[in-house]
Structures are given as structure tokens and as C-alpha cells.
Amino acid sequence: MTRFYNQERGWLDGTAEFHALCKNVCTPPCQLLEVGAGPSNGTSRFLATLGELHGLDPDPDVKRNDALTTSSVLHGDRFPYEDASFDHCISNYVVEHVADPVTHLREVARVLRPGGAYVFRTPNRYHYVAIISALTPHRVHRLLANRLRNLPGGSHDPYPTVYAMNSQSVIRSLAASTGFDVEALRLVEKEPSYAMSSRAMFLTLTAYERIVNSTPLLAGLRSNIFAVLRRPR
């Protein structure tokens, strides 16, 4: 990481770039809803610096998130908030777990104030990580995902993925059908986080990163989608 992805030499990791996008959209002070906030994490703590942060998640572990002003457990499809409650909504690696993206986006639109944005980061379904994930059962993800990322013991198991809204074309289509304007939509390839347990794998996937970032023609093979969907005023 120090040799190939050194922040002191200008490298910006994926999380830092996503946080910068959130900061650019969410001019403080504002009221934010983090959809899929989960337990305490760095992104929630960052978002809390931008405004009053509320969190929603189907996992009761959201109650342990120390960055949230309030936390709610999602039961069913409807968000437990009044219409037009938030200036912006944020999701970080959540959309890939949503089985019904139309209902999801309609609920996000409902709780957003006019002019509010939904900012999210999610995997590109045409990247090798998402392809392998889609082709393997969830028990394999639970066995290998944290090990490949070299995460510490006790880290939360990965959640099941469905990839129902994980390509540019699908996001544009779903945004149009649910009343959103697509303000920003780009594909980003960063450091190979799933290769932290093997030097050979790390070097191979670093070469992949260099190749797909070398030309816009290969952007469709990059790992993550950064999106900003705007509710019209």
C-alpha cells in the first residue's frame, strides 16, 4: 500500500473520495439520513461533521452507531419518517443489498425535501468482485470476504447481495421512473481491497487497477459507482 497507494504522494483512497463527494453535496448545517448506517463506522462519523445525522438499517446493530443523533431499525419497506424530513440521504455500500430498488428509491424520494440529493457508493456489477460475488453462495462470502480484506477479527460479516441497481444504465432507468434527476454518475477504480491477504494477488489486481484507469474506454470495468440523484424542486 505504501509503495503503490501512498497518500503522501497524492493518492486518494475510495472512502476519502466518497466523503469528498458527500461534503460537496451536503453543505452544512443540514439534516442527513444515512440509509444502511450499520454499527459505528468511519463514514457515519464523517457524515456527522456535516450536519445532524440520523440512521436507518434493518440490522439492530444500528443502535450501536455512536455517530447518530437518532437510530431506527427498518421493518418492512416504509421508512419510519414523515415526508420531506431530510435535506439529503446517504448510502455507503448499501444499494447492492436492496432487492426492490424501485420501492427503495421511492422511499428515499419521499423523505427528501425538494431539491435534496441521494448520494451513494455501490459496486459496479461488471467488476470482477461483483461477478464473483454473484456467482458464489453467501456462505462463501461469509467465509472469505473479511479474510481477503485482511480485516481484524470480530468485524461484521458481509450482508447478502443482490445487485439489482448496480449498473449505470439501470440506475438511470430507475431514477427516471422514481422522479429523480441524475446529477452525477461515475465509475471509480481504487486500491484492490480484496487482495490484502496475498502479495501476488495484490500485485495482479494493482495491475488491473492501472489498466482500467488508463482510459475512459475501460471505465465500465471499474469497481465502484459514485452516484448523486437529485429530487427536483
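**Close-up views of a predicted model**

**View 1. Helix α3 and its surroundings.** The buried residues of helix α3 pack against β1, β4 (86-92), β5 (112-123), α6 (168-177) and β7 (224-230); contact means heavy atoms within 4.5 Å. Helices (H or I, at least four residues) and strands (E, at least two) are DSSP runs, numbered from the N terminus. In α3 (residues 101-111), 8 of the 11 residues are buried, so the helix is largely enclosed by the rest of the structure. These buried residues are P101, H104, L105, E107, V108, A109, R110 and V111. Buried means under 20% relative accessible area, exposed over 50% and partly exposed in between, with a 1.4 Å probe and protein chains only.

The model is predicted: local features need pLDDT of at least 70 and side-chain atom pairs count only at pLDDT 80 or more, while totals for chains, interfaces and linings use all residues. Residues are numbered from 1 along each chain as its sequence is written, and side-chain values use heavy atoms, with hydrogens and water left out.

**View 2. Strand β2 and its two parallel partners.** Strand β2 (residues 52-57) has 5 of its 6 residues buried, so it is largely enclosed by the rest of the structure. Strand β1 (residues 31-35) runs parallel to β2 and is joined to it by 5 bridges; two strands pair if DSSP finds at least two bridges between them. Within this pairing, H54 of β2 stands opposite L33. Strand β3 (residues 70-73) also pairs with β2 in the parallel sense, over 4 bridges, and V73 in β3 is the bridge partner of D57.

**View 3. The β-α-β unit.** β1, helix α2 (residues 42-47) and β2 make a right-handed β-α-β unit. Right-handed means that, with the strands pointing away from the viewer, the path from the first strand over the helix to the second runs clockwise.

**View 4. Aromatic pairs.** The structure holds 7 aromatic pairs. Rings of Phe, Tyr and Trp (its six-membered ring) pair if their centres lie within 6.5 Å; planes under 30 degrees apart count as stacked, over 60 as edge-to-face and the rest as tilted. The ring centres of Y118 and F120 are 5.0 Å apart and their planes are at 45°, so this pair is tilted. Y118 has 0% relative accessibility and therefore counts as buried; F120, at 0% relative accessibility, also counts as buried. Y128 and Y208 form an edge-to-face pair, with 5.0 Å centre to centre and 90° between the planes. This pair links distant parts of the chain, with Y128 in helix α4 (residues 128-135) and Y208 in helix α7 (residues 199-212), 80 residues apart.
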